[in-house]
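Student: Can you walk me through this one? I'd like to start with the ligand.

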Amino acid sequence: MSDTAGTLYLCATPIGNLEDMTPRALRMLREADVIAAEDTRHTRQLLTHFEIHGTLVSYHEHNKEKQGPILLEQLQAGKTIALVSDAGFPGISDPGELLARQAIEAGIPVVPVPGANAALTALVASGLSSTPFFFGGFLPKSRKNRREKLEEWSHIPATLVLYEAPHRIEEVLADMEAAWGDRRMTLARELTKVHEEFFRGRISTCRAHLAEHPPRGEFVLVVEGGVASPAEPAGDPLDAVKALMAQGTDKKEALSRIAKVYKVPKRELYNRLLLEKGE
Ligand code: SAM
């Protein structure tokens, strides 16, 4: 790293409500030599709203290979760059991730400037356990690859948080129910916007809801986690039951899922649970 290297600031921007713009991110955008944006027209509107007149360059999925080295050169020459995505925290399911990694590899200081993020905003109001959680971003677009991915993730014992485009959501939920069973889930729509909505239920009830209210706007899917892989169930099954119940799964369902995975009689687990509770 040269002594004169500049800094890459990863600046979060609102995911809908402009009041979520932080004073710190505004200052970074004002002070940066260059603002690298996923969509310059979109970001120009944001900057105009806040009366910021910075130098904008584009950095997006389709020019990141070419534009990345140019930005890195500017950083190495001592410039300060503020990176913003269309919405939320750059680096979460957008091209910001690559630039941050390249800057780190080049020894350039990378400073996060936190703010809105769709995944966390959905998770905290989902009613599902936030510890642990697993962020999966977007599932593959091809049905075959998507089904493989869902299979691969079916035993993750953590609440799953996913992004999805509205035109694909119904297909994705159908695949999810087939791969994961009818787990609890929350559909979070249009977060922080006028039509913000949470639909909390199960995969099947979310599907029924969408059949009646065709999906419009932006969505985050928050889905109850699975249980340890049936191929290698480890430890005491009663501990697994208790872990699921601690995540909010009801007793009956936790018992039946764990009994299946560990191949033990449900009744035996139920009796042990009662015994332990002194019931
Ligand atoms: N970097 C962003 C972040 O920190 O959340 C995410 C960028 S990703 C390209 C865009 C996806 O985030 C959308 O397709 C949607 O799934 C989700 N998203 C963004 N804004 C949202 C909102 N206001 N309500 C619900 N989901 C949103």
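**Ligand and backbone**

Student: How far is the backbone N or O atom of Ile-15 from a nitrogen atom of the ligand?

Tutor: The distance is 2.9 Å. That is a polar contact, a pair of N or O atoms within 3.5 Å. Keep in mind that this is a predicted model, where local features need pLDDT of at least 70, side-chain atom pairs count only at pLDDT 80 or more, and totals for chains, interfaces and linings use all residues. Residues are numbered from 1 along each chain as its sequence is written, and side-chain values use heavy atoms, with hydrogens and water left out.

Student: What does Ile-92 do with a nitrogen atom of the ligand?

Tutor: A backbone N or O atom of Ile-92 lies 2.9 Å from a ligand nitrogen. A polar backbone atom of Ala-118 is 2.9 Å from a ligand oxygen.

Student: How much of the ligand does the protein bury?

Tutor: Taken alone, the ligand exposes 580 Å², and the protein buries 90% of that. Areas come from the Shrake-Rupley method with a 1.4 Å probe.

Student: How many residues surround the ligand?

Tutor: There are 18, and Phe-89, Asn-117, Tyr-163, Leu-191 and Phe-219 are the closest. Being near takes a heavy atom within 4 Å. The shell divides into 10 nonpolar, three polar and five charged residues. Here Gly counts as polar, and Asp, Glu, Lys and Arg as charged.

Student: Why does the ligand lie between domain 1 and domain 2?

Tutor: Because domain 1 (8-116) and domain 2 (119-223) both give residues to the shell. The domain bounds come from an automatic or database assignment.

Student: New topic. Which peptide bond is cis?

Tutor: The one joining Thr-131 and Pro-132, with omega about -5 degrees.

Student: And what is phi of Glu-51?

Tutor: Near 55 degrees, a positive value in a residue other than glycine.

Technical notes:
A polar contact is a pair of N or O atoms within 3.5 Å; within protein, one must be able to donate a hydrogen and the other to accept it, and residues adjacent in sequence count only if both atoms are side-chain atoms.
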